[in-house]
Amino acid sequence: MASRPASVVAATGIRRVFAGTTVLAGVDLRIRRGEVVALLGESGSGKSTLLRILAGLDQEATGELTTTGSTAVVFQEHRLLPWKRVADNVALGVRGRDARERARTALEEVGLADRSGAWPSELSGGQSQRVAFARALVREPDLLLLDEPFGALDALTRLKMQALFGRLHAGHGFAALLVTHDVEEALLLADRLLVLDRGRIAEEIEVDLGRPRAVDVPGFSGLRRRL
Ligand code: ADP
Ligand code: MG
């Protein structure tokens, strides 16, 4: 049996220029299997541009990019199709005869089994984002790309979603690139922080402070804290 590569993404010298303006000036990035990496940087620093490149959604970028396995993306806005019911939106993420069954399982995992017949317009912002996570999960991605997935949510909903993310990661073991401008969120969820500045990865910070421990907050199981 072939051994599985240790990294899900290896990018070297990624460049992206928009109308003469260099947004990414040579980004090097590696994400190991199962690792959660947070990508920080000021607004306009190119975080979303980099995420789209890694997702294969930008044909104009140059550099070397190797991805291994399947990838799924969660954006800040849920991007559910309003004319499809929740379960059908989730089933879109996957093909095959067992698509509906897998969609049901994914909805259970995000705590929304009872809303599978609802329309997206009937959901709250947090619920919609849970569906977006289910739609990503159903593909059993090796890499999950997240572009400020909790950015539009109120503080309490965001906390619950962060806990959900921790639980899903513990259960599935996907690698993730989490774009966020929330440093606390990055510290809470990520193994490693990257800071994008002037088109390059300007800083890399290992989050593990040597005393990892799980805290069990009632109703928030799965939240990881390392402080
Ligand atoms: P971030 O996600 O870090 O806020 P973005 O990646 O969205 O930053 O944008 C980085 C820079 O690239 C910004 O100056 C933005 O205006 C520019 N940019 C992004 N997408 C496009 C595009 N399709 N056309 C022109 N400029 C773009
Ligand atoms: Mg952005």
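What share of the 227 residues in the protein is buried? The figure is 39%, where buried means that 20 or more other C-beta atoms lie within 10 Å of a residue's own, exposed means 12 or fewer, and partly exposed is in between, with C-beta atoms placed from the backbone.

Before you click on, some housekeeping. This is a predicted model, in which local features need pLDDT of at least 70 and side-chain atom pairs count only at pLDDT 80 or more, while totals for chains, interfaces and linings use all residues. Residues are numbered from 1 along each chain as its sequence is written, and chains are lettered from A and ligands numbered from 1 in the order in which they are written.

Now switch to cartoon view. You have six helices and eleven strands to look at; these are DSSP runs numbered from the N terminus, with helices being H or I over at least four residues and strands being E over at least two. Of the contacts with a separation of 6 or more, 70% involve residues 24 or more positions apart. A contact here means that two C-beta atoms, placed from the backbone, lie within 7 Å.

**Stop one: ligand 1.** Select ligand 1 and show what is around it. You'll find F18, V23, G41, S43, G44, S45, G46, K47, S48 and T49, counting a residue as near if its C-beta atom, placed from the backbone, lies within 6 Å. Helix α1 (residues 47-54) gives the largest share of this shell, three residues.

**Stop two: helix α1.** Stay with that helix and colour K47, T49, L50, L51, I53 and L54, which are buried. That's six of the eight residues of α1, so the helix is largely enclosed by the rest of the structure. What covers those buried residues? Among the elements are β1 (7-18), β2 (21-32) and β3 (36-40).

**Stop three: L50 and L39.** Zoom in on L50, which sits in α1. It's buried, with 29 other C-beta atoms within 10 Å. Leaving out residues up to four places away in sequence, L50 touches I14, L24, V27, L39 and L196. Next, pick L39 from that list: this residue lies in strand β3 and is buried as well, with 29 C-beta neighbours inside 10 Å. Its own partners, again leaving out residues up to four places away, include K47, L177 and L194.

**Stop four: two helices side by side.** Select α4 (residues 125-137) and α5 (residues 155-172). Their axes come within 11 Å and cross at roughly 15°; axes are lines fitted to C-alpha atoms, for helices over the stretch in contact, and angles run from 0 to 180 degrees between N-to-C directions. The two helices are therefore roughly parallel to each other, the word for angles under 35 degrees. To see where they touch, show G125, G126, Q129, F133 and L137 of α4 with T157, K160, M161, L168 and H172 of α5.

Most residues other than glycine have a negative phi. Click on A19, in the loop between β1 and β2: its phi is positive, near 45°. Is A19 buried or exposed? A19 is exposed, with 4 other C-beta atoms within 10 Å. Then jump to R79, in the loop between β5 (71-74) and α2 (86-91). R79 has a positive phi too, about 55°, and is partly exposed, with 13 other C-beta atoms within 10 Å.

Methods
Angles under 35 degrees count as roughly parallel, over 145 as roughly antiparallel, 65 to 115 as roughly perpendicular and the rest as oblique.
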